[in-house]
Amino acid sequence: MADKNGPDGTGKTGRGKQHEADIRDDDLERRRRDLEASLATRRPDRLEGKDDAKAGSAAGYGQALKLSSEFIAGIVVGAGIGWIIDRLAGTTPWGLIVFLLLGFGAGVLNVMRSAGLMAEFGQSDNPRDPKE
């Protein structure tokens with residue numbers, strides 16, 4: 001017949017070294033606390049709960065309104081300049097077409113600058129070394 005003490009004869013079921021599991025659990029708990037503390041120092045301005053979602057969506061709407069207005073302004077200014085040149089020079093519709101396209105390009109450029117995807121005019125990505 002089979003021995004009631006189990007396969008290794010100790011009388012315990014399952015893993016025989018429970019002390020190692022407790023040590024690993026304590027180590028994991030310590031590492032989790034260290035990670036939480038590290039994240040808290042890196043993001044102190046983050047709000048908790050639903051207020052964060054509301055603040056983020058309002059900021060997103062503001063950013064969208066800013067970018068869309070800059071894009072539309074570029075197109076309107078280009079079309080306006082083209083229309084004025086057409087009236088003064090009598091080159092209808094070429095001035096409007098050319099400056100409308102230029103306004104479209106300027107609007108795209110303004111949106112990319114505002115979104116931070118492109119450096120501002122006159123600024124380079126790599127600052128000069130003061131020794132040079």
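Which class of accessibility does Arg30 fall in? Arg30 counts as partly exposed, because its relative accessibility is 40%; the scheme calls a residue buried under 20% relative accessible area, exposed over 50% and partly exposed in between, with a 1.4 Å probe and protein chains only. Before moving on, note that this is a predicted model, in which local features need pLDDT of at least 70 and side-chain atom pairs count only at pLDDT 80 or more, while totals for chains, interfaces and linings use all residues. Residues are numbered from 1 along each chain as its sequence is written, and side-chain values use heavy atoms, with hydrogens and water left out.

**Stop one: helix H1**

Helices here are DSSP runs of H or I with at least four residues, numbered from the N terminus. Asp34 is partly exposed, at 45% relative accessibility.

Next, select Glu29 and Arg33, which form a salt bridge at 3.9 Å, N to O. About one helical turn separates Glu29 and Arg33, because they are 4 residues apart in helix H1 (residues 18–42).

Now pick Arg32 and Glu36, whose salt bridge is 2.5 Å, N to O. They too sit in helix H1, 4 residues apart. Salt bridges with shared partners join Glu29, Arg32, Arg33 and Glu36 into one network. Across the whole structure, a search finds 5 salt bridges.

**Stop two: Asp86**

Move to helix H2 (residues 50–89) and select Asp86. Asp86 is buried yet has no salt bridge; Arg87, the nearest side chain of opposite charge, is 7.5 Å away. (Lys and Arg count as positive, Asp and Glu as negative; His and the chain ends are not counted.) What does the side chain of Asp86 reach at 2.9 Å? Show the backbone nitrogen of Gly95 to find the answer. Beyond its neighbours within four places in sequence, Asp86 is in contact (heavy atoms within 4.5 Å) with residues including Thr91, Pro93, Trp94 and Leu96.

**Stop three: a nonpolar patch**

Finally, select Phe104, Val108, Leu109, Met112, Leu117 and Met118, which form a nonpolar patch on the surface. Val108 belongs to helix H3 (residues 94–114) and is partly exposed, at 31% relative accessibility.

Note on methods
Helix = DSSP H or I, 4+ residues; strand = E, 2+ residues; numbered from the N terminus. Lys, Arg positive; Asp, Glu negative; His and termini not counted. Salt bridge = Lys/Arg side-chain N within 4 Å of Asp/Glu carboxyl O. Polar contact = N/O pair within 3.5 Å; in protein donor to acceptor, adjacent residues only side chain to side chain. Patch = residues over 30% accessible without salt bridge, like charges linked within 9 Å, V, L, I, M, F, W, Y side chains within 5 Å. Areas by Shrake-Rupley, 256 points an atom, 1.4 Å probe, with all protein chains shown as cover.
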